[in-house]
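Me: I am new to this structure and would like to understand the terms used for it. Could you take me through them with care?

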Amino acid sequence: MKKINLTIILLLGVLCIFLALDSFGIFNFGRISQDDGFSIFAEQRQEAVNRHPVWRIAVLGSYTDQSYISEVAQGIGRIALLLNIDGGILGKPLEITYVEPQDDSYATRLAVQKLCEQQDLAYLIGPVSTSRLREVRTLCQYYALPALAPFSPLSPELPVLKPDIYGTLYPTRLLFDPLVRRLKEMDCRNLLFISRGTDSYSSVFTNLLSETLRQDPFFREIHRIDFLPPANDTHFLQPLKRLCENSETDAIIFTDTPETLQVLGRVMQELQIHLPVFGNDLLAVPTLPHYIRECGFPLYYVTFEGNILPKEIAKRYTDLFRRTPGIKEQLGIMGCLLFRDVLTEQKTYHPEAIGEALKKRSANYFSDDRHRIELVIREIKPTGKGAVSNEK
């Protein structure tokens, strides 16, 4: 008994010592070291960037993401040219470097680390791929490099970073309203989500939308099937069969690419499932009719249209390049314009202040009527020919 009491007393004594030391911050060494490391990199970057004769901006994309190559990067390059015609930013021209690592995590980390180690690099735009955001964001924070992803939403499940100098512009949640409105109009209360089960745009979109729907008393049951790419018939055949046999389902919410939708369509035909399918902007590609020719279900998807640029920029851009930029191109343009606006306001370059201001401006960009996006629901009826009719 005495030995037990002595053991308890010793354990309590050790606990008291631990708590006392913790109150003095003894065990915060890792966090303190990280903060000190950020401060060192921030000071080095501030000195190198302010001394450099140009604003060096890196754009990070992927060989496999055609939207990056054809639109987002094109917008960035053209607006940089326009800004340089006007004398640059604070009298210094912009220099754009395009970095396109192979689409895997290791290649992305390696490319971003090489960029971050360049002390005179002022700003990183990207990546386009949501699945690459995690490592890019962490490295940029560690090396004090302000960054913004114009075309990829940031998952709310990622850990909090302090200071947080990484922003995202893509207004994913704006897409929800027209989808929810159409679901209610069609009295679709019991839903099945089908999404890519990775840290991707499909998964982030599904997480955010399903969370929104669960808070709405109109909707009853919400189910989900995740798959790992590349999708094939076996990913959907048995899960869909079991779900339709045991649960009531009014509609399918599909959040992946047309290629995967084609696979899902085959399975739905085999199981004779004729539910309406609702998709997001991943289906907003010119080749969609090719993939849904044999699908026997009505398809609805929501996408962005219109102009989100300041009016004077939109006009000058159209006059100079003889064309109106698409929405993805505009998001790339805004990646540069927000950097210009923050620098003009700050008057000098300090990584933490620039990063935090960029994050705040990008988060609030679509919160008022100045940058209104048109949300268009497109309906594709199962005619066998992929006929498309637009409905706002």
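Predicted model: local features only at pLDDT ≥ 70, side-chain atom pairs only at ≥ 80, totals over all residues.

Me: What makes α7 a helix, and what span is expected for it?

Reply: Helices are DSSP runs of H or I with at least four residues, strands are runs of E with at least two, and both are numbered from the N terminus. Helix α7 covers residues 201–214 and reaches 20 Å from its first C-alpha to its last, close to the 20 Å expected, where the expected span is 1.5 Å times one less than the number of residues.

Me: Why is F205 called buried?

Reply: Buried means under 20% relative accessible area, exposed means over 50%, and partly exposed is in between, with a 1.4 Å probe and protein chains only. F205 has a relative accessible area of 0%, so F205 is buried; Y201, at 11%, counts as buried too.

Me: What covers the buried residues of α7?

Reply: The cover includes α6 (176–185), β6 (191–196), β7 (222–227) and β8 (251–254), where contact means heavy atoms within 4.5 Å.

Me: Why is the pair of F41 and Y142 called tilted?

Reply: Rings of Phe, Tyr and Trp (its six-membered ring) pair if their centres lie within 6.5 Å, and planes under 30 degrees apart count as stacked, over 60 as edge-to-face and the rest as tilted. By this rule the count comes to 16 aromatic pairs. The rings of F41 and Y142 have centres 5.5 Å apart and planes at 55°, so this pair is tilted. F41 lies in helix α2 (residues 29–51) and Y142 in helix α5 (residues 133–142), so the pair ties together parts that are 101 residues apart in sequence. F41, at 22% relative accessibility, counts as partly exposed, and Y142 is partly exposed at 39%.

Me: What is the pair of Y201 and F205 called, edge-to-face or stacked?

Reply: Y201 and F205 form an edge-to-face pair, with 5.8 Å centre to centre and 65° between the planes. Being four residues apart in helix α7, they are separated by about one helical turn.

Key. Residues numbered from 1 in each chain as written. Heavy atoms only, no water.
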